[in-house]
Amino acid sequence: MPLAPQPRGRRGTVEEPYSPLNLRLVLALFGLVVCTILSVLLFRSGWTVPGWLLAAWAVAAAVDAVVIQLRRRARARAEGGRDHSLFE
């Protein structure tokens with residue numbers, strides 16, 4: 001699967017992106033931090049099943065953050081390094 005600035009066949013353009021990658025990155029990192037902290041707390045209190053569920057969500061958030069970062073780099077290469085706000 002090639003990681004371009006946005007998925008092929010989507011209705012967005014460079015000027016109007018399909019999804020705000022910066023906002024998605026912030027939300028993925030927030031989910032990673034929250035799930036990791038809660039997972040550690042649940043493991044320490046003896047609740048292993050919910051701890052493993054939150055650990056799996058933390059891994060999913062980490063993978064999502066990596067994919068988003070790769071798409072942000074592809075967008076920066078395609079646009080010549082133009083800065084974007086949180087909602088672009």
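Predicted model: local features only at pLDDT ≥ 70, side-chain atom pairs only at ≥ 80, totals over all residues.
Visitor: What makes up the secondary structure of the protein?

Guide: Two helices and zero strands. Of the 88 residues, 25% count as buried.

Visitor: Why is serine 39 called buried?

Guide: Let's set the value against the cut-off. Buried means under 20% relative accessible area. Serine 39 has 5%, so it counts as buried. This serine is found in helix H1, and serine 39 touches Gly51, Leu54 and Ala55, leaving aside residues up to four places away in sequence.

Visitor: And why does valine 33 count as partly exposed?

Guide: Partly exposed is the range between the buried cut-off of 20% and the exposed cut-off of 50%. Valine 33 has a relative accessibility of 47%, so it lands in that range. Valine 33 lies in helix H1. Together with Ile37, Leu38 and Leu41, Val33 forms a nonpolar patch on the surface, with about 360 Å² of accessible area for the four.

Visitor: Which residues make up the largest nonpolar core?

Guide: Five residues: Leu21, Leu25, Ala28, Ala65 and Ile68. Helix H1 (21-44) and helix H2 (48-79) each give two or more of them, and H1 gives the most, with three.

Visitor: What makes this set a core?

Guide: The residues have to be buried and nonpolar, and joined through side-chain atoms within 4.5 Å. Look at leucine 25: leaving out residues up to four places away in sequence, leucine 25 touches Ala65, Ile68, Gln69 and Arg72. Ala65 and Ile68 are also among the buried residues of H2.

Visitor: What do the buried residues of H2 pack against?

Guide: They pack against H1. Among them are Gly51, Leu54, Ala55, Ala58 and Ala61.

Visitor: How do you know that the span of H2 is close to the expected one?

Guide: H2 has 32 residues and reaches 46 Å from its first C-alpha to its last. The span expected at 1.5 Å a residue is 46 Å, and the model's value is close to that. Just after H2, glycine 80 takes a positive phi of about 80°.

Visitor: Why is the pair of aspartate 64 and arginine 24 called a salt bridge?

Guide: The cut-off is 4 Å between a side-chain nitrogen of Lys or Arg and a carboxyl oxygen of Asp or Glu. Here the closest N and O atoms are 3.4 Å apart, so the pair qualifies. Aspartate 64 lies in helix H2 and arginine 24 in helix H1, so the pair ties together parts that are 40 residues apart in sequence. The count of salt bridges comes to one.

Visitor: Are the two partners buried or partly exposed?

Guide: Aspartate 64 has a relative accessible area of 30%, so it is partly exposed. Arginine 24, at 29%, counts as partly exposed too.

Terms used:
Residues numbered from 1 in each chain as written. Heavy atoms only, no water. Buried < 20%, exposed > 50% of the residue type's maximum accessible area, 1.4 Å probe, protein only. Helix = DSSP H or I, 4+ residues; strand = E, 2+ residues; numbered from the N terminus. Contact = heavy atoms within 4.5 Å. Patch = residues over 30% accessible without salt bridge, like charges linked within 9 Å, V, L, I, M, F, W, Y side chains within 5 Å. Areas by Shrake-Rupley, 256 points an atom, 1.4 Å probe, with all protein chains shown as cover. Expected span 1.5 Å × (residues − 1).
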